Amino acid sequence: MNRRKFLAAGGALAAVGARGFAEPVVGESPVEETKTDGLNPPGIRVAGIKMVPVVGGKYKVWTKRMGSGPVKVLLLHGGPGFSHDYLEALESFLPQAGIEMYYYDQLGCGNSDVPDDPALWTLPRYVEEVEEVRKGLGLEHFVLFGHSWGGVLGIDYALKYQQHLRAFVISNMTAGTQSYLKRTAELKKMLSPEKLARLNALEAKEDYDNLEYERIMMEELYPKMLCRIQPWPEPVTRAFRIANQKIYNQMQGKSEFLVTGNLKDWERFDRLHEIKVKALTIGAEHDEMDPADMKKMATLMPNASYAYCPNGSHLDMWDDQEVYFKQLIGFLKTV
């Protein structure tokens with residue numbers, strides 16, 4: 001599958017538009033940042049955006065605060081190699097519910113720095129990046145939300161830095177690569193025998209950049225298991241357009257159905273019991289993750305519950321929106 005890579009503009013331009021302080025909401029007085037950090041101009045409003053140093057200050061990542069409230073949620077987007085863009089559905093619901101949310105483009109993605117260094121694209125390095133972002137935003141006792149690959153990253157972050165969490169949401173992600181592969185193998189059978197044979201033949205040759213392979217994925221499978229509404233929302237198509245293919249290939253692999261990257265041995269079902277903060281798992285009927293796995297995960301964490309989207313797929317925040325946000329906001333109101 002050819003998920004097109006995105007190359008950021010020059011480093012100097014990347015810092016333009018950085019956040020000096022949070023945009024005010026009704027009834028709130030903005031508190032300016034007075035310190036000069038070389039990344040964010042003090043005393044300037046820039047739509048809640050703040051650049052945060054990561055990898056010991058070598059690079060910077062983009063964050064954006066929206067809304068204001070006692071419950072603060074840091075969003076971990078999927079991929080690996082995608083960006084926050086496809087999560088923009090959340091800004092139509094969370095701030096209005098009095099929930100403070102933070103977008104964050106992981107290093108190599110979207111509006112953040114895009115270094116060409118394969119050594120950076122590992123799960124342990126990204127876990128440390130999340131901790132650097134937490135510190136940079138001054139978050140403590142916050143809610144971590146991870147969707148898809150963001151759920152993988154969130155689980156490993158929670159296993160190491162749970163003391164900072166108020167609650168944890170795992171949206172549309174199973175706790176192990178093997179359960180993911182089992183589910184996607186079943187979903188391939190939605191294809192006609194002819195299309196399935198052709199897809200398997202292209203995968204056997206590792207011809208993932210073949211236009212026919214891309215057409216089968218985009219026209220036959222993704223509309224059933226990724227996002228079931230037509231046309232796709234613009235933030236979803238934008239996220240595909242600017243995705244960093246190099247990161248995806250190194251960590252996942254070139255195929256949706258065969259994990260050959262450095263996540264291939266990731267399995268955490270046997271450690272979920274260590275996550276003791278209040279948690280929510282979200283699954284969907286048509287997702288490329290088996291909703292039964294999300295339900296099982298909730299039983300393995302001592303303080304977790306499960307939410308189900310009967311009409312949703314992998315992007316159920318779009319294609320089962322009413323059910324998704326009723327359950328997500330209901331949970332966030334209890335933490």
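**Figure 1. The largest cavity in this predicted model has a volume of about 410 Å³.** Gly79, Ser148, Trp149, Glu288 and His314 are the closest to the cavity's centre, out of 29 residues that line the space. A search of the whole structure for cavities of 30 Å³ or more finds one.

**Figure 2. The lining of the largest cavity, sorted by residue class, includes 18 nonpolar residues.** Eight polar and three charged residues are also part of this lining.

**Figure 3. Helices α3, α4 and α7 each supply at least two residues of the lining of the largest cavity.** Look for α3 at residues 149-161 and α4 at residues 177-187. Helix α7 gives the most, with three residues in the lining.

**Figure 4. Helix α7, spanning residues 234-241, has several buried residues.** These are Pro235, Val236, Arg238, Ala239 and Phe240. Their cover includes helix α6, residues 211-225, and helix α10, residues 316-319. Helix α7 also lines the largest cavity, as the previous view showed.

**Figure 5. Two buried cysteines, Cys109 and Cys227, each have a relative accessible area of 0%.** Cys109 counts as buried because its value of 0% is under the 20% cut-off. Cys227 is also buried, because its relative accessibility of 0% falls under that 20% limit. How many disulfides does a search of the whole structure find? The search finds zero.

Technical notes. Residues numbered from 1 in each chain as written. Predicted model: local features only at pLDDT ≥ 70, side-chain atom pairs only at ≥ 80, totals over all residues. Heavy atoms only, no water. Disulfide = S-S within 2.5 Å. Buried < 20%, exposed > 50% of the residue type's maximum accessible area, 1.4 Å probe, protein only. Helix = DSSP H or I, 4+ residues; strand = E, 2+ residues; numbered from the N terminus. Contact = heavy atoms within 4.5 Å. 1 Å grid on protein atoms, 1.4 Å probe; cavity = no way out; pocket = protein on both sides within 12 Å on 5 of 7 lines; lining within 4 Å. Points joined across faces, edges and corners; volume = space filled by probe spheres on them. Nonpolar A, V, L, I, M, F, W, Y, C, P; charged D, E, K, R; others polar.
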